[in-house]
Amino acid sequence: MNSIVTALRTGVLGTLPLACALLGACDKSQPPAPAAVADASTSTNSAAVTDKKEGTVRASGSSALQPLVNAAKEKYEAENKGASVEVSAGGSKKGLADVASGAVHIGNSDIFAPDDLKSGLVDHKVATVGFAAMANKGPYSEKIASLSLQDLAKIFSGAVKNWKEVGGESQPIVVINRAAGSGTRTVFGNIVLGGDKFVESQTEDNSGALVAKLKQTKGAISYLALSFKDDELKTFGLKGDGGVVEPTSANITSGAYPIWSYEHMYTKGEASGSTKAFLDYILSPAFQDSVLPNVKGFIPITQMKVSREKD
């Protein structure tokens, strides 16, 4: 895998579809209650409750995934009187830690669970999402339609410090990174930089707040899930020898656009009770085929033509 990613970063974008076929967002919401949560299915000894949808399901983690979970929550609660889903963000790594400790029923994550946690967790892949570099709009970036992986690596490692060095007008580049616990940071860093090799800079731990900060900061650039794509920001396609690859659903599902991840909803052990009922709803054709495609930035897991085993 390292050799493939290296090839991508050295500009061989004309081979991206083949290469990518081979490869393998956090807010300040209040944290969930520290005490271990009780699953509705285990809060009573009655086997009869295991199929019930009533009860509260608590989820925390990725802010990139949060818009999709919120869309599911809205539909699910409307269709199932008595059901309640509480969603908070905080970053993928927080979601994984929370579900592993039993603080929540579901840990939302843009990344696979690490080795020290994955043995006790069950992975439910519910969608995929792409990520892209997004920047403050201004005359300095107006003429730049796309950036190569090499350009992105130089910008986010701090080797390039001015927009004129990548084809724009003179203006210092202001890198805004996601916080260390962000799955978006992990996915973007692995593919663009070969790991967490970002230049030291200001950070933002909330995708929505990051969008606002990019709009307000002259010369700023960061990276976001496409669920947070905003017309007031400049979103860059990837430039390579084979042309420009835009971060579209078609290019992500084919593997032509490499910066994407699965969206995971981890449970501690097999899901049961109200947690299972909610996950079953998200993976149902009714949600995957009718609701999910209308939630900005997300792609049904069934549409992917390529796969990955790790980030």
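The model is predicted, so local features are described only at pLDDT of at least 70 and side-chain atom pairs only at pLDDT 80 or more, while totals for chains, interfaces and linings use all residues. Residues are numbered from 1 along each chain as its sequence is written, and side-chain values use heavy atoms, with hydrogens and water left out.

The chain contains eleven helices and 14 strands; these are DSSP runs numbered from the N terminus, with helices (H or I) of at least four residues and strands (E) of at least two. Of its 311 residues, 55% count as buried, where buried means under 20% relative accessible area, exposed means over 50%, and partly exposed lies in between (1.4 Å probe, protein chains only).

Strands of a sheet pair through backbone hydrogen bonds, either parallel or antiparallel; here two strands are taken to pair if DSSP finds at least two bridges between them. Strand β5 (residues 125-136) runs antiparallel to β9 and is joined to it by five bridges, with M134 opposite S222. Strand β7 runs parallel to β9 through two bridges, and here V174 stands opposite A220.

Within β9 (residues 220-225), S222 has a relative accessible area of 0% and is therefore buried. Its side chain reaches the backbone oxygen of I176 at 2.5 Å. This is a polar contact, meaning a pair of N or O atoms within 3.5 Å; within protein, one must be able to donate a hydrogen and the other to accept it, and residues adjacent in sequence count only if both atoms are side-chain atoms. Leaving aside residues up to four places away in sequence, S222 touches A132, A133, M134, F156, I176, L210 and L214, with contact meaning heavy atoms within 4.5 Å.

A further sheet is open and has three strands in the order β6-β11-β12, with mixed pairing. Because β6 (146-147) and β12 (243-245) each have a single partner strand, they stand at the edges and one side of each lacks a neighbour in the sheet. Strand β11 (residues 237-240) pairs with β12 in the antiparallel sense over three bridges, and G240 has G243 of β12 as its bridge partner.

Turning to the aromatic rings, Phe, Tyr and Trp (its six-membered ring) pair if their centres lie within 6.5 Å; planes under 30 degrees apart count as stacked, over 60 as edge-to-face and the rest as tilted. The count comes to twelve aromatic pairs. The rings of W163 and F236 are stacked, because their centres are 6.1 Å apart and their planes stand at 25°. This pair links distant parts of the chain, 73 residues apart: W163 is in the loop between α6 (149-157) and β7 (174-178), and F236 is in the loop between β10 (233-235) and β11. Both W163 and F236 are buried. Elsewhere, ring pairs link Y76, F278, Y281 and F287 into a cluster.

Charges also sit over rings, a term used if NZ of Lys or CZ of Arg is within 6 Å of the ring centre and within 35 degrees of the ring normal. K125 lies over the face of Y262 at 5.5 Å from the ring centre, and R308 lies over the face of W260 at 4.0 Å from the ring centre.
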